[in-house]
Amino acid sequence: MEGDGMAGVLQPVLAGVVTALVGFASSFTVVLAGLRAVGATETQAASGLLAVCLVSGASAAWLGLRHRLPMSVAWSTPGAALLVATGPVAGGWPAAVGAFVVSGLLVVAAGLFPPLSRAVAAIPKPIAGAMLAGVLLPLCTAPVRALVEVPALAGPVVVVWLLLHRFARRWAVPGALVVAVVAIASTTPSGRLGGTGLWPAFDPTPPAWSMSALAGLAVPLFLVTMAAQNVPGMAVLTGYGYRPPFGSALRVTGLASVAAAPVGGHAVNLAAITAALAAGPDAHPDPDRRWIASVTAGVGLALLGLGAGVATTLVLLSPPVLIEAVAGLALIGALATALTSAVAEPDDREAAVVTFVVTAAGVTLLGIGGAFWGLLAGGAMRLLFRRRPVPEGGRPVPERRSADREHPDDVGGSEGPVERESPGHWRETVELPAQTGHQGPER
């Protein structure tokens with residue numbers, strides 16, 4: 001019995017360790033690239049990476065222990081990609097820090113006022129997917145540019161990524177990162193590998209306020225974090241049979257984002273990309289014990305954050321396009337998902353393409369970046385040209401809310417089968433996943 005108990009703890013602990021390693025190695029380069037893009041120095045970028053690691057870990061540990069649910073927390077990878085696409089903002093780095101604070105406060109507000117979170121979830125999926133795809137596209141083209149500019153360094157990185165993506169997909173990006181690190185170390189004079197800045201340290205920046213930064217960075221960062229991370233993160237947990245307290249998650253991660261902002265942290269949220277590693281049956285056959293995996297992942301991510309200085313130094317020693325290439329490889333799957341969502345609905349396809357094109361263009365107008373204008377242009381296109389079906393001799397048929405859309409206003413914390421009615425008056429029953437797999441919602 002004692003051996004069974006030890007094994008019952010060891011499995012989710014190992015799953016949590018894997019979740020932390022994969023989550024950190026897969027996208028820390030995106031975070032550093034994003035923070036540098038909006039004006040952070042080397043020290044400020046390292047401070048920001050350290051901050052999001054620590055507050056993500058603390059949030060995951062708190063939510064897991066409080067609710068006994070595998071609620072993984074991570075930094076906003078799409079949000080970091082948005083920073084790359086946005087570039088320098090009016091007011092510089094202090095204004096970007098102010099935008100991070102406001103974005104976190106908006107997440108807290110969404111947790112306090114469910115209608116706000118429902119409004120974000122009500123953004124049409126094709127429009128949200130197209131905006132995210134436009135944000136991700138510039139980074140996802142970096143591997144191609146790297147193969148042309150630094151083929152000797154980028155070639156092995158891409159080859160390793162392809163091989164691992166085929167045979168051990170979970171480790172594809174970490175493996176590519178290891179190859180990139182070896183390439184950087186082997187082509188850098190030994191004297192430059194030492195030096196200062198390797199120990200983690202916070203570098204606080206008083207926030208400044210700029211209307212263009214708030215409109216062009218804070219609002220898009222909030223929308224991308226909610227639509228691309230928090231709502232899908234809820235969907236993953238619901239798919240595995242849990243009914244997580246979404247309001248609590250938003251309040252905790254929003255406050256954590258506000259706390260991390262003055263030292264460079266851009267945003268933290270429910271994990272979407274790595275959530276299944278802690279919430280699925282591989283973490284433990286018993287759904288009631290998988291929270292151990294998410295808590296372990298949180299602790300592991302916080303510890304990995306202590307290497308933020310080393311990570312930043314390695315990034316700075318490499319050709320910029322090489323690190324962007326690793327970040328782009330990490331986001332290929334997210335780009336594919338976003339594009340699929342963007343073109344899934346024929347009636348919204350043109351509006352989604354407009355959103356994608358305007359966002360990907362990366363134009364700045366009135367000091368506001370392309371993500372905001374893409375969302376605005378796509379929304380206007382949809383309102384102007386979308387037609388509702390009209391039956392013969394009848395009134396227009398009101399648009400039905402998709403039954404596949406998750407409604408993030410659930411605040412219950414219990415597991416097990418649940419039946420609920422949404423504001424759109426549809427019901428769904430969620431069954432706990434079986435030990436050999438799981439079944440999605442039955443409608």
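Analyst: Helices here are DSSP runs of H or I with at least four residues, numbered from the N terminus. The model is predicted.

User: Which helix holds alanine 110?
Analyst: The helix in question spans residues 92-112. Alanine 110 falls within that run, and the helix is α4.

User: Is alanine 110 buried or exposed?
Analyst: Buried means under 20% relative accessible area. Alanine 110 has a relative accessible area of 2%, so it is buried.

User: What does alanine 110 touch, leaving out residues up to four places away in sequence?
Analyst: Contact means heavy atoms within 4.5 Å. With residues up to four places away left out, the partners of alanine 110 are Leu116, Ser117, Phe222, Met226 and Leu250.

User: How far apart in space are alanine 110 and arginine 251, C-alpha to C-alpha?
Analyst: In sequence they are 141 residues apart. In space, the C-alpha to C-alpha distance between alanine 110 and arginine 251 is 7.9 Å.

User: How many disulfides does a search of the whole structure find?
Analyst: A disulfide needs two cysteine sulfur atoms within 2.5 Å. Across the whole structure, the number found is zero.

User: Is cysteine 53 buried or exposed?
Analyst: The cut-off for buried is under 20% relative accessible area. Cysteine 53 is at 0%, so it counts as buried.

Definitions and conventions. Residues are numbered from 1 along each chain as its sequence is written. This is a predicted model: local features need pLDDT of at least 70, side-chain atom pairs count only at pLDDT 80 or more; totals for chains, interfaces and linings use all residues. Side-chain values use heavy atoms; hydrogens and water are left out. Helices (H or I, at least four residues) and strands (E, at least two) are DSSP runs, numbered from the N terminus. Buried means under 20% relative accessible area, exposed over 50%, partly exposed in between (1.4 Å probe, protein chains only).
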